[in-house]
Amino acid sequence: MYLMLIPLIGLASAHLSTISYQDVVQLWESLKFNLVWVTLCVSLIVFLATFYFMSRPRGIYLVDFACYKPEPNCTCTRETFMDRSVNAGAFSEENLAFQKRIIERSGLGQKTYLPSAILSVPANPCMAEARKEAEQVMFGAIDQLLQKTGVKAKDIGILVVNCSLFNPTPSLSAMIVNHYKLRGNILSYNLGGMGCSAGLIAVDLAKQLLQVHPNSYALVVSMENITLNWYFGNNRSMLVSNCLFRMGGAAVLLSNRPSDRRRAKYQLIHTVRTHKGADDKCYGCVFQEEDEQKSIGVALSKDLMAVAGEALKTNITTLGPLLAFEHFCIHAGGRAVLDELEKNLELTDWHMEPSRMTLNRFGNTSSSSLWYELAYTEAKGRIKKGDRTWQIAFGSGFKCNSAVWRALRTINPAKEKNPWMDEIHEFPVHVPKVATISS
């Protein structure tokens with residue numbers, strides 16, 4: 001556009017150089033008799049310019065993010081998982097064998113985490129322990145984020161928290177407001193029951209709010225709570241969740257301040273939300289309910305992979321010409337999900353590495369898994385200025401949501417603090433098809 005203006009500016013300059021003083025006087029005399037029209041024209045130009053600058057979308061910047069890494073005493077090996085399942089005394093021999101087969105083929109490694117309430121013998125799932133887990137995860141991630149960014153808690157004007165299965169009163173967002181003494185006029189939202197894709201819904205909501213509230217920071221916190229959602233029953237469709245879900249969470253700081261562009265890591269380019277809930281089969285493929293013994297669990301339908309494929313197809317169609325990415329962060333829901341997407345999207349092992357290593361190291365941490373994957377990509381030194389990253393997640397409802405980020409600078413892993421840095425040299429690791437658990 002600027003190159004096209006150069007000839008016009010040249011012609012205008014040449015024409016102005018031929019104007020004499022007498023021509024200027026004559027122009028002024030003619031304008032005096034048309035002052036009303038001149039005023040109206042100038043006013044119109046000023047109005048249109050103001051309207052343009054006020055109505056154009058604000059740039060949304062990801063200043064930084066942080067992922068929570070639990071303490072070593074929360075580590076759950078495959079053997080520990082089976083030991084706690086046996087000690088629970090709630091599962092039949094057939095279903096203990098079923099869980100063993102699932103965990104051996106899950107793609108989860110030996111260093112995933114579970115909350116102390118589940119690891120203790122006997123297990124102690126109660127409201128107090130669930131609140132304790134939520135505080136550990138949320139405050140741990142937020143503390144690290146505030147330290148990394150240098151932003152004061154009082155400067156945060158928007159707060160969006162998402163946790164699908166644990167929704168106490170006061171809410172999780174109120175817990176954060178209370179703990180950090182956030183300001184009284186903060187715009188606070190708590191998203192519940194929206195599944196593993198709710199992290200990107202939270203980002204999209206924050207984006208919409210940042211479009212109408214200038215010079216603001218938005219804090220997005222994504223997590224899931226394990227303590228009160230461990231299934232102690234014998235419905236196999238509900239037992240799969242026990243084998244895959246693990247403890248974790250992430251905090252993300254977004255900004256619409258132009259001054260933050262220089263220090264931000266990424267700019268949000270696009271968000272796409274696909275909801276298939278109008279279809280009964282899609283609606284019921286991930287469903288929280290009671291089993292025959294009145295134990296509450298989340299049942300996964302056999303139609304899940306087919307439904308996910310349909311939702312993904314719709315989401316990609318909406319993205320259209322934007323389909324050109326250097327990096328992929330695919331929700332680490334399970335090995336089967338990653339295998340299916342690798343095949344359908346024709347991705348390489350290199351593209352799938354962040355998702356597979358996240359599943360191996362941290363398990364399915366629900367909506368926060370996307371941020372562990374982006375942290376892995378940064379820790380490997382893969383993010384270069386201008387690179388585009390596609391985050392895509394699936395969740396109950398059934399929903400498929402995605403976000404596209406463009407890197408505003410090359411990320412130097414030597415300057416990063418994330419849960420991978422102390423051990424990134426160990427990855428990638430080989431993940432066998434079957435990791436046998438010793439009896």
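**Exercise 1. In which strand does A66 lie, and is A66 buried or exposed?**

Solution. The model is predicted. Start with the secondary structure: A66 belongs to strand β1, which spans residues 61–67. Next, take the accessibility. The relative accessible area of A66 is 1%. Buried means under 20%. A66 is therefore buried.

**Exercise 2. Find what A66 touches, leaving out residues up to four places away in sequence.**

Solution. List the contacts in sequence order. They are A141, Q144, L145, K148, G249, A250 and A251. Now take A251 from that list. A66 and A251 are 185 residues apart along the chain. Their C-alpha atoms are separated by 5.3 Å.

**Exercise 3. Give the strand order of the open sheet and identify its edge strands.**

Solution. Write out the order: β5-β4-β6-β7-β1-β8-β13-β12-β11. That makes nine strands, with mixed pairing. The edges are β5 (187–191) and β11 (327–330), each of which pairs on one side only. From one strand to the next, the twist averages 20°.

**Exercise 4. Describe how β8 and β13 pair.**

**Exercise 5. Which strands do helices α8 and α12 touch?**

Solution. Take α8 (residues 172–180). This helix packs on the sheet and touches β4 (156–162), β5 and β6 (217–223). The direction of α8 makes about 140° with that of β4. Then take α12 (residues 304–319). This helix also packs on the sheet, touching β8, β12 (388–395) and β13. The direction of α12 makes about 130° with that of β8.

Technical notes. Residues are numbered from 1 along each chain as its sequence is written. This is a predicted model: local features need pLDDT of at least 70, side-chain atom pairs count only at pLDDT 80 or more; totals for chains, interfaces and linings use all residues. Side-chain values use heavy atoms; hydrogens and water are left out. Helices (H or I, at least four residues) and strands (E, at least two) are DSSP runs, numbered from the N terminus. Buried means under 20% relative accessible area, exposed over 50%, partly exposed in between (1.4 Å probe, protein chains only). Contact means heavy atoms within 4.5 Å. Two strands pair if DSSP finds at least two bridges between them. Axes are lines fitted to C-alpha atoms, for helices over the stretch in contact, and angles run from 0 to 180 degrees between N-to-C directions.
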